[in-house]
Amino acid sequence: MRDPTKELIGRKKLELDTPCLVVDLDLLDENLQKMQAWVKAAGKALRPHAKTHKCSTLAKMQVANGAIGICAAKVSEAEALINAGMSGVLITGPVAGREKINRMVSLLERAPFLMAVVDHPATIALLQGRLAENGRQLDVLLDLDVGQRRTGVPPARAADLAEAILSSGNLRLRGVQAYAGHVQHIPRYEDRKAASREALGKAAAVFKQMRQRVESCTVFSASGTGTARIDLSSPELTELQAGSYALMDAEYLAIESADGSDAADYHPALTMLTTVVSGPHGRQVTVDAGLKALYRDGGRPRVLNPEYGKLQYDWFGDEYGKLSAPNRATLLPELGMVLEMVVSHCDPTVNLFDRLHITRAGKLVDVWPIDLRGRCQ
Ligand SMILES: Cc1ncc(COP(=O)(O)O)c(C=O)c1O
């Protein structure tokens, strides 16, 4: 089917209809290559997380750059990635309940190398029943809670769960997952390093024991954008599942990088274009990106236009935002002017749009569907 948005190709970035999401292809490419080079130099593998960009075209670009597969947060995200022809999919969130388990097991028909995580004996029992009925095997990682208390079992209970997997029959224990979400945004690099070392250390001890006992246990998957460079020095870690590094956001730009500077390791490849639709109202103008366009979480969106960099964005209801000048000397943009901002938190913002506008040197070169959008099941 003809995609009318493709007819815009060649148009100048600042002439796109707003609010919209824009990705600078060169910056994206640099981010992907940088991470891949660090991972390769450390002798590790990269299975990046697609939950942050929700775009199978971008996921394929990551694989083309050397990633061994792709992570999905939920079964519905995995379905979309598999529908797009991707393999090496790891579902990083625990799957609970009969319906969801049936849905995941039916994916094995098209994706025999699908991997999932487990963190509860009841899930292992349900999964085992369904897999046996279907005559299928599923590779699983034991999900470890290394401090976030969101999913996973505490390391002290890992041995019991490993036993349940090993005696199940149709589940194959492939290793462990230990995502330390609670440490990714610790602002100071040294604090983040200490917290990540502690979190991963606990998981490494479990992994070493399991690896000695079980031949198929070869995967230790962990890490995110905030700790990737720290975690690469863990001898036990085998693969990283970082995600935000590809597009980046204000929340990640705000943390200190490895050399202690404010300059982030990765570029803000993703931005939002927004237009001034009203004002000035005193020392502020109103723009067309509000709650329905910019998810309110994480850092404050940052205006990138150098002459307007001092303006502060605030959410101003569903449809609007306001840009306020800190003092009289600060220039306000005129009605109709298009501004470019780094979004606060990339994952839930991307989830609000249908497409990414791909630009190079200020011109639209492609339009990629955000095909995992809304897939939170
Ligand atoms: C389980 C899991 N792995 C990896 C990631 C990717 O982390 P980041 O976006 O910090 O790189 C996330 C993000 O929330 C996650 O939940």
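Colleague: How do H1 and H2 lie to each other?
Modeller: In this predicted model, helix H1 (residues 25-41) and helix H2 (residues 56-64) pack at an angle of about 45 degrees, with 10 Å between their axes. H1 and H2 are therefore oblique to each other. Angles under 35 degrees count as roughly parallel, over 145 as roughly antiparallel, 65 to 115 as roughly perpendicular, and the rest as oblique. The axes are lines fitted to C-alpha atoms, for helices over the stretch in contact, and angles run from 0 to 180 degrees between N-to-C directions. Helices (H or I, at least four residues) and strands (E, at least two) are DSSP runs numbered from the N terminus.

Colleague: Which residues of H1 and H2 make the contact?
Modeller: Leu25, Leu28, Asp29, Leu32 and Gln36 of H1 meet Leu58, Met61 and Gln62 of H2, where contact means heavy atoms within 4.5 Å.

Colleague: What about numbering and confidence?
Modeller: Residues are numbered from 1 along each chain as its sequence is written, and side-chain values use heavy atoms, with hydrogens and water left out. As a predicted model, it needs pLDDT of at least 70 for local features and 80 or more for side-chain atom pairs, while totals for chains, interfaces and linings use all residues.

Colleague: At what angle do H4 and H5 pack?
Modeller: Helix H4 (residues 98-107) and helix H5 (residues 121-134) pack at about 45 degrees, with their axes 10 Å apart. That makes H4 oblique to H5, and H4 passes H5 in a right-handed crossing. On the H4 side the contacts come from Arg98, Ile101, Asn102, Met104 and Val105; among the H5 residues they meet are Leu126, Leu127 and Leu131.

Colleague: And how is H3 placed against H4?
Modeller: The axes of H3 and H4 are 10 Å apart at an angle of about 20 degrees, which makes H3 roughly parallel to H4. Their crossing is left-handed. Val75, Ser76, Ala78, Glu79 and Ile82 in H3 meet Lys100, Arg103, Met104 and Leu107 in H4.

Colleague: Which residues of H4 are buried?
Modeller: They are Ile101, Asn102, Met104, Val105 and Leu107. Buried means under 20% relative accessible area, exposed over 50%, and partly exposed in between (1.4 Å probe, protein chains only). The cover over these residues includes H3, H5 and the strands S4, S5 and S6.

Colleague: Changing topic, how many aromatic pairs are there?
Modeller: A search of the whole structure finds 4. One of them, Phe207 with Phe220, is tilted, at 5.5 Å centre to centre and 45 degrees between the planes. Phe207 lies in helix H7 and Phe220 in strand S8, so the pair ties together parts 13 residues apart in sequence. Rings of Phe, Tyr and Trp (its six-membered ring) pair if their centres lie within 6.5 Å; planes under 30 degrees apart count as stacked, over 60 as edge-to-face, and the rest as tilted.

Colleague: Are Phe207 and Phe220 buried or exposed?
Modeller: Both Phe207 and Phe220 are buried.

Colleague: What sits over the ring of Trp38?
Modeller: The charged end of Arg229 does, 3.9 Å from the ring centre. The criterion is NZ of Lys or CZ of Arg within 6 Å of the ring centre and within 35 degrees of the ring normal. Trp38 also forms one aromatic cluster with Tyr245 and Tyr266.

Definitions and conventions
A crossing is left-handed if the near helix is turned anticlockwise from the far one by less than a right angle, and right-handed if clockwise.
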